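Work through the exercises below with the model open. Each task is followed by a stepwise solution.

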Amino acid sequence: MAGLQYVLKRLALMIPTFVLVMIIIFLLVRLLPGDPAIAIAGDKASDADLAAIREKLGLNDPLLVQFWLFFTNTLQGDLGRSIMMRTSVSDVIIDRLPTTGFLALFAVSLSLLIAGPLAFVAALNRGKWPDTVIRTVFQVGLSMPVFYIGLILLTFLAAKLRWFPVGGSGDGFWGQMHYLFLPAMTVALYTSAIIMRNLRAAIIEVLDAEYVQFARAKGLPNRLILGRHVLRNALISTITLLGLSIGNLMSGTLVTETVFAVPGLGRLMLEAIFARDYPLIQGLTLTFAILVSIVFLLTDLFQSLLDPRMRLT
Amino acid sequence: MTQTVMKIDDLHLSFPVSRSLLDVVQRKPGKSVNALNGVSLELKHGETLGVVGESGCGKSTLARCIVRLYAPTSGRIHFEDQDIFDAEAKRDRSYNRRVQMMFQDPYSSLNPRMSTGDILAEALRVHQMRPEADIAPRVAELLGLVRLPQDAAEKLPHEFSGGQRQRIAIARALAVEPEVLIADELVSALDVSVQAQVVNLLLELQERLQLTILFVAHDLRLVRHVSNRVAVIYLGRIVEIGDSETLFSAPSHPYSQALLSAAPSLDPDDKGAAIQLEGELPSPLNVPPGCPFHVRCRHVTAQCRTVVPALRTLEGRGEVACHHAEEINQHA
Amino acid sequence: MTDHPILEVENLCTTFSRGGTALPAVRDVSFALGKGQVQGLVGESGSGKSVTLRSILGLARHYGEVSGSVRWQGQELTTMSERQLRKIRGREIAMIFQEPMTSLNPLLTVGTQIKETLTAHTDLGRRARRDRAIEMLDHVGIPAAATRLEEYPHQFSGGMRQRVMIAIALAASPKLLLADEPTTALDVTIQAQILDLILKLADEMAMGVVLVTHDLGVVAQTCDTVSVMYAGRVVEQGAVRQVLRTPRHPYTEGLMRSVPQDVPPRTQLYSVPGTPPSLFSLPQGCAFAPRCQAAGPACQTARPTLQDIAPGRQTACFHPLPATQEDAA
Amino acid sequence: MSDAVVTSAKSSDAPQTRVQIALRKPGFLIGAVIIGFSALLALFPSFFAPYDPNFIDYLAVRQPPSWAHPFGTDMLGRDALSRVIHAYTVNMQMAILATVFALTIGVTVGALVGYYRGVADMIFGRVVDAVITFPFLVLVIAVVAVLGPGLINMYIAITLVGWVYYARLMRAEVIAQMGNDYASAGIVMGYSDRRIIFRHLLPNAITPVIVYWMTDMALAILLGSSLGYLGLGAQPPQAEWGVLIAEGRNFITTAWWLSLMPGIAIVITGLGFSLIGDGLADLLRPRG
Amino acid sequence: QERGGTMNFARYDGSRLIDPIYADRNPDIWMVGSLFDTLLRSSDDGKSIVGGLAESFEVSEDGKTVTLMLQSGLKFADGSALEADDVLFSLDRARNGDLGPWSGMLGSVSDVTADGQAITVSLSQPDPTILSMLATFNTSIVNKEVFEAAEGATDQDKSAAIFASASAGVGSGAFYMCGFEQGAAMDFCANEHHWEMGADGKPLPYLDKIHFEIIPDDATRILKLQAGEVDAVEFVPFSRVAELDADPAINMNLYPSTRIIYSPINTRETRADGSANPLNDVRVRQAVNYATNKDALIGLVLQGAGQPMTAPLMSSSTRLASKLDLYSYDMDKAMALVKEAGIEAGTKVTLTTLAGSSDDATIFAALQQMWAPLGIELVVEQVDGATRGAKNRSGEFDIHTYGWVDDVNDPSQVTGWLGYSPVRNAVGTGWESDKFNALFEASGTEMDQAARAQQYADMQKIYADAAPLLFMYETPFAVAVSTAVEGYVQTPLGANIFSRATVSK
Ligand SMILES: Nc1ncnc2c1ncn2[C@@H]1O[C@H](COP(=O)(O)OP(=O)(O)OP(=O)(O)O)[C@@H](O)[C@H]1O
Ligand SMILES: Nc1ncnc2c1ncn2[C@@H]1O[C@H](COP(=O)(O)OP(=O)(O)OP(=O)(O)O)[C@@H](O)[C@H]1O
Ligand SMILES: [Mg+2]
Ligand SMILES: [Mg+2]
Ligand code: NI
């Protein structure tokens with residue numbers, strides 16, 4: 001089956017990527033100044049205590065040995081124990097993953113909902129005032145620091161108007177929708193600006209394409225031309241972009257989750273870095289890498305679903 | 001017109017279709033586009049060899065092989081008895097000076113950010129054709145040679161029409177004083193009257209500079225007009241090659257016949273003589289066994305389906321690759 | 001001609017604006033076309049052939065200014081609303097685009113693209129639409145039509161795509177076909193097949209055809225009448241036989257002479273001197289004057305209009321070439 | 001000779017220079033004015049700033065905007081306007097230094113890899129994958145943490161990660177340009193690879209990279225601000241917009257001007273870069 | 001007193017493991033008291049020791065034995081009896097050097113025995129701090145049965161397992177943990193079996209439940225209180241105190257604390273890079289102390305909510321604290337001192353601060369301006385906590401910001417930390433005084449309160465003169481609560497006391 005083969009091929013290509021990711025993060029983490037033993041035992045601990053902790057964590061072994069251990073354990077699905085959380089890294093990650101996953105999906109959906117229609121309006125009115133207004137507004141969204149947007153939304157929509165809760169993650173689907181709306185919106189303001197830009201350009205390009213002219217010449221109804229011919233084609237490049245910006249989206253969650261007190265992976269990552277929690281940093285990075293790769297894979301698959309030229313035979 | 005400058009011997013070239021990693025792991029044979037399937041040719045000094053054939057039959061591939069843009073899968077090209085794909089020969093850039101190519105697309109074959117003068121001067125400098133002081137006069141001379149006004153040197157390619165651009169491309173090729181010119185559909189993108197201008201220029205220059213030209217085109221009238229000899233290519237093989245006038249007035253291969261008859265006559269009353277071919281051009285991805293033309297040929301026999309016909313000399317004609325050339329041409 | 005023309009184009013002008021300057025792509029084009037008639041439109045690249053066709057169908061108004069009149073069976077198309085035009089496009093007037101490689105939507109199956117026209121213009125049911133689509137593909141000579149319906153354009157060769165476009169154009173049995181260089185992208189052998197097909201259908205369905213090409217051979221073999229365009233204007237038109245045999249406009253004559261036919265091999269060919277003018281800066285008088293050997297002072301200042309010089313024969317020149325016996329006949 | 005009179009194509013339509021054309025676009029003009037003025041502020045902050053940006057006045061903290069202090073004073077009694085103006089120096093520097101090395105490295109690597117393909121391209125592909133699967137910010141934070149906070153290290157970190165994006169773009173564009181015959185023509189003319197890559201392909205392939213560069217400069221300011229917020233960017237008492245916003249965010253209800261003014265500065269500068277980017281896209285496109 | 005209800009409490013950081021002997025970070029330590037009881041307690045004013053689980057206690061003449069009498073009928077939160085066995089188990093655990101980091105504080109204990117409800121703690125040498133130790137979180141009593149039954153091979157594993165299960169049983173505090181989401185939220189539920197009685201004669205606490213949420217961002221935490229989503233917010237930045245104080249719906253509490261903010265000065269002869277260290281000269285250290293206008297700092301950083309340090313080794317609320325005039329702002333003296341020390345203008349000194357801390361940034365900016373007249377050019381180096389800790393240890397710093405809160409209601413802990421060089425080189429400053437060390441060692445066994453007080457007075461004098469620190473200020477704990485909340489306190493040691501808190505509905 002061609003589809004399966006394609007997936008397998010993509011998976012095969014992911015192997016060297018992951019090894020590279022593991023090497024990079026392993027080295028990077030070990031280059032971090034500051035001693036995880038101090039992070040564990042605190043500033044007050046004696047030097048002897050620290051030495052004992054280092055020994056126990058295997059931090060005194062040669063780097064290569066440490067890496068091999070990390071590598072083989074990871075292959076067996078064992079990400080080690082979090083130093084600061086004192087539990088298995090995979091448990092912590094599995095615990096937090098749904099929240100961040102929900103936030104990311106929510107943000108992507110919001111971005112599409114915002115960017116999609118507006119991109120159409122802008123593209124169809126190219127060069128006229130709606131286009132200019134829409135582009136400028138999104139440009140502003142693109143140049144605002146995430147933590148600032150977040151804070152403004154919080155102050156006015158949550159604290160002043162009390163439309164949304166200030167922080168936390170909520171329970172159940174609707175609870176999460178309610179709690180995560182503002183954080184998702186914060187991330188979406190940024191992503192939707194990127195998507196809008198791209199989609200608008202894509203729509204303009206497709207509107208000029210010969211096959212759209214031909215569809216007009218066929219006397220098709222407008223709705224069919226825009227929906228079937230224009231949108232589908234414009235979506236193709238936008239989907240790639242969406243996949244690519246998922247990495248940025250994850251970066252966005254780092255700060256957003258901190259500002260909105262959302263207990264997700266992004267905030268955990270910041271905490272882990274500051275606590276020098278080596279296993280947790282490594283585990284989180286791998287998780288991010290896997291998530292992003294899955295998204296790449298999905299966008300590729302979705303794209304090949306949309307675009308018959310991409311279907312391998 | 002006797003001395004052979006270039007000899008092409010059983011040239012094969014297939015482009016691998018990109019394979020998935022899985023295929024490689026499973027050692028599945030890769031698919032490939034067989035663009036050239038055994039082309040043999042000789043280019044004689046001072047002649048113009050026309051190459052015709054349908055789109056995708058391998059004309060450009062052949063041209064690009066000759067200038068070493070593509071390396072053939074097998075076969076050899078000798079230039080003055082030197083194999084041009086020798087490791088040693090490859091290092092020798094003088095081959096690239098002596099054999100020049102001009103491209104079909106007048107819009108993409110010139111660097112859009114370099115002025116005409118820069119384009120020509122660069123060629124002169126890199127190959128040290130002239131001392132630095134003589135470069136500007138030589139550029140002027142070249143512009144004159146291809147009949148471009150002198151102020152053209154300062155202009156960028158987009159300021160020229162298609163025909164003028166092709167002349168710049170010719171000037172660039174001539175700058176390095178080559179011996180062989182490969183013209184890959186040099187005029188196909190141009191209008192008839194502009195086509196005529198460029199062809200005139202080419203003919204004149206050839207006369208003057210004793211150039212050898214390989215002229216690839218699909219406009220049969222034009223090929224007939226400029227060529228001394230003509231090769232007809234079908235699916236990466238030469239099916240007929242011979243003297244231009246003979247071939248055009250009496251084509252021997254059934255494919256050549258169909259090709260010539262399909263060219264619409266300029267005379268409105270001259271209707272209905274076309275030989276209708278059945279079916280589609282087979283894909284170079286899977287070239288049919290036997291004679292490549294057999295799937296569309298009216299004269300097909302069992303032999304044609306299995307045995308590849310070799311190019312052989314036909315009495316009073318050129319060389320033809322057809323099992324039934326004699327019979328067909330008796331009736332014709 | 002006995003029939004009343006089905007299409008009458010009068011003083012059609014189309015102007016684009018690029019970077020603030022006006023670009024007169026088509027100027028005062030007029031012609032008429034009867035039932036089952038094949039009208040050729042020739043001229044060099046950029047002379048406005050494609051824009052003429054697109055203006056007739058109201059497509060050019062999306063990116064340019066169109067004026068003049070296009071009457072289709074008595075109805076004025078240039079002023080018609082987009083909504084009304086949609087009923088005519090594809091149903092009564094169909095068009096084949098110049099570029100087979102880019103004119104089909106790469107994401108939709110060929111079947112879908114044929115059937116959507118049928119959905120828009122006929123009240124055929126689902127099955128009937130499918131049958132009709134298969135019939136059309138058969139008609140244009142695509143074998144195994146039923147299975148190929150499910151395939152995508154990229155699985156077709158250029159020639160086959162061109163035929164698919166023809167199938168789409170003809171699906172709703174239009175009364176007029178606007179064919180924009182339907183064969184330039186193709187090989188001579190395939191070109192012959194396609195032209196044959198169009199002619200056959202024109203004949204069978206009494207369909208008018210406007211055929212754009214720059215290959216004079218194609219015109220000679222397929223058209224009844226022909227218009228020669230230069231820099232956005234028609235410089236000469238009339239019956240094919242007359243125009244090609246005895247061109248009266250110097251440009252037409254130059255075109256005919258440029259073709260390497262009946263000249264000794266490897267000799268210099270005739271070519272129209274000079275280069276075509278840029279549409280941005282057309283000369284004040286006759287656009288062809290700078291390249292014309294017969295040009296006089298009048299040609300530099302005044303623009304010749306299209307004049308009847310013989311029945312059904314017009315040219316726009318102050319100094320037309322002399323007529324011959326045959327022409328007068 | 002029948003074709004003796006060959007005149008060059010009439011070019012009376014192109015007496016305007018590219019710059020003139022670009023300046024006719026209001027977007028580009030506005031962008032150029034914004035960035036030009038920003039550059040002035042960045043180069044001569046002391047000329048424009050009414051006060052010493054670091055002078056602490058214990059007695060005049062968090063004063064609302066007034067004629068004496070148009071943007072008010074911050075929690076140390078420093079003049080907010082002067083701090084916003086002095087921040088231009090750092091932030092504009094950020095826009096340039098955080099991107100220009102990534103641009104140079106990326107363009108070179110991208111061009112080489114795109115031209116030669118092969119094994120280098122395979123390896124490059126894996127590196128790109130590995131880098132883009134990391135969240136950008138995580139990588140930058142980690143690198144900054146390794147090197148220690150500070151502007152220089154921040155530039156190094158952003159460069160280490162950012163070059164990949166330029167290289168990716170450049171590679172794709174070079175490959176696209178290789179489809180043009182002028183690249184083949186260079187080979188046929190017997191030119192050296194270096195000449196073909198850097199003289200022929202690069203100038204033609206670089207336009208989208210330059211356009212991306214403009215947006216990236218805006219992003220660099222944003223990223224620098226985020227790092228400033230986390231304490232990994234500019235060092236106190238240096239005024240920097242991200243730090244200013246972070247400092248002011250606690251007073252968003254009581255002293256809103258503290259975070260609003262630097263926020264506006266970021267937005268306007270970002271807008272300026274993007275507008276220039278859009279304009280450059282038109283400007284650099286070869287015509288015809 | 002109104003009973004029942006849930007209090008929502010927003011914290012700046014979460015607990016990771018609340019176990020008497022493993023709690024090592026303040027967010028853990030300060031919660032131990034809500035879940036566990038100690039045998040003794042500090043009195044409300046913090047000056048004396050009173051009974052806890054033990055209803056009475058007695059120290060022998062020679063100071064080497066402590067006898068305590070357990071209350072009768074004590075129960076753990078799961079209803080099982082709290083007996084002497086549990087006490088022995090807990091104290092043995094607390095002083096086991098292989099386990100938690102706090103065992104050293106019980107170094108003088110040689111044996112613990114029980115006879116019925118009577119517990120005897122035997123000491124190898126007299127220990128003036130022993131009663132305070134028995135009132136400190138690490139000697140809290142845990143349920144032996146529950147602990148031993150827990151899953152896991154090691155003590156640590158068992159502790160983690162119990163914590164993770166979030167169920168009643170292991171402690172006897174006013175609450176038990178009934179819900180836990182790592183790093184996000186935590187729930188405490190009322191312990192019905194708690195021994196302490198409220199004003200209404202029923203067991204404390206009044207609350208049914210406390211829900212903790214972790215919100216690291218200051219601004220968000222406060223917004224949450226303003227939006228009414230939580231009832232209390234800890235660690236309110238001092239810059240917001242005035243604003244919240246003015247809010248009629250909010251009570252802004254500033255609880256007295258033992259927290260001091262100071263900056264260790266590297267006193268070594270050379271810096272880590274080998275260059276001469278100007279701060280090695282005591283006059284320079286004194287000069288920078290004089291040149292620092294603490295009131296101005298307090299105004300800028302704390303908006304006035306604090307006071308300059310008056311005792312060099314501890315906060316003024318710690319027992320035995322001296323009340324000195326600790327380097328009040330005197331620029332002339334400072335100038336004279338640097339002149340004497342021969343400091344050249346433009347001497348570079350690095351202040352290492354915590355990245356992202358706006359307080360540190362403010363301190364730096366202020367100090368830079370204050371010290372400029374001395375010819376000292378202060379440069380900043382921002383690092384994160386882990387790096388700052390490592391630098392403190394390796395001595396790779398000039399001056400860095402630091403803070404301290406007592407864990408024990410006794411001055412010995414902080415004094416050992418700040419001045420006794422065998423413990424971590426006197427907060428990493430490298431300062432060493434034999435006289436100081438001898439005094440400190442002697443005070444460790446001095447049972448005579450007056451003599452001990454004198455020893456501390458001497459140590460503080462020595463320390464103040466040597467100035468191995470930049471002495472800055474003391475700050476209260478700023479906790480904002482909605483007006484519905486009453487009875488919540490944070491002790492000077494930081495412990496959060498919820499047992500008498502109420503929330504009116
Ligand atoms: N770089 C390439 N990679 C893969 N396939 C190629 C490549 N270049 C050419 N081909 C294939 O090789 C075959 C021959 O192509 P070639 O360009 O030589 O044809 P041609 O005769 O020049 O056609 P045209 O008249 O359209 O220029 C075609 O099927 C083409 O698709
Ligand atoms: N959408 C457009 N916007 C602006 N100018 C256009 C547009 N379409 C065509 N033109 C211009 O109008 C002129 C006529 O173009 P047209 O496509 O009709 O030429 P043509 O005769 O069909 O040429 P070809 O033989 O190359 O197809 C050209 O100069 C072209 O550049
Ligand atoms: Mg070709
Ligand atoms: Mg056209
Ligand atoms: Ni009539």
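The model is predicted.

**Exercise 1. The shell around ligand 1**

Which residues come nearest to ligand 1, and which element gives the largest share of the shell?

*Solution.* 
- Step 1. The shell holds 14 residues; Ser55(B), Gly56(B), Lys59(B), Ser60(B) and Thr61(B) come nearest.
- Step 2. β2 (32-44) and α2 (59-66) of chain B each give at least two shell residues. The largest share, three residues, is from α2(B).
- Step 3. Sort by class: six nonpolar, five polar and three charged.
- Step 4. Check the polar side-chain atoms. One of Thr61(B) is 2.4 Å from an oxygen atom of ligand 1. One of Glu185(B) is 3.1 Å from an oxygen atom of the ligand. For Tyr70(B), a side-chain N or O atom is 3.4 Å from a nitrogen atom of ligand 1.
- Step 5. Alone, ligand 1 exposes 630 Å², of which the protein buries 66%.

**Exercise 2. The shell around ligand 2**

Which backbone atoms meet oxygen atoms of ligand 2, and how much of the ligand does the protein cover?

*Solution.* 
- Step 1. Ligand 2 has 17 residues around it, with Ser45(C), Gly46(C), Ser50(C), Val51(C) and Gln98(C) the closest.
- Step 2. Polar backbone atoms lie at 3.3 Å for Ser47(C), 3.1 Å for Gly48(C) and 2.9 Å for Val51(C), each from an oxygen atom of ligand 2.
- Step 3. On its own, ligand 2 has 640 Å² of accessible area, and the protein covers 72% of that.
- Step 4. β1 (7-18), β2 (21-33) and α1 (49-56) of chain C give two or more residues each. α1(C) has the largest share, three residues.

**Exercise 3. Backbone details**

Where are Pro205(E) and Gln128(B) found?

*Solution.* 
- Step 1. Pro205(E) sits in the loop between β9 (185-190) and β10 (209-214) of chain E. The Leu204(E) to Pro205(E) peptide bond is cis, with omega near 0 degrees.
- Step 2. Gln128(B) is in the loop between α5 (116-126) and α6 (135-145) of chain B. Its phi is positive, near 45 degrees, in a residue other than glycine.

Methods: Residues are numbered from 1 along each chain as its sequence is written. Chains are lettered from A and ligands numbered from 1 in the order in which they are written. This is a predicted model: local features need pLDDT of at least 70, side-chain atom pairs count only at pLDDT 80 or more; totals for chains, interfaces and linings use all residues. Side-chain values use heavy atoms; hydrogens and water are left out. A residue is near a molecule or strand if one of its heavy atoms lies within 4 Å of it. A polar contact is a pair of N or O atoms within 3.5 Å; within protein, one must be able to donate a hydrogen and the other to accept it, and residues adjacent in sequence count only if both atoms are side-chain atoms. Accessible areas come from the Shrake-Rupley method with a 1.4 Å probe; for residues, only the protein chains shown count as cover. Helices (H or I, at least four residues) and strands (E, at least two) are DSSP runs, numbered from the N terminus. Ala, Val, Leu, Ile, Met, Phe, Trp, Tyr, Cys and Pro count as nonpolar, Asp, Glu, Lys and Arg as charged, and the others, Gly among them, as polar.
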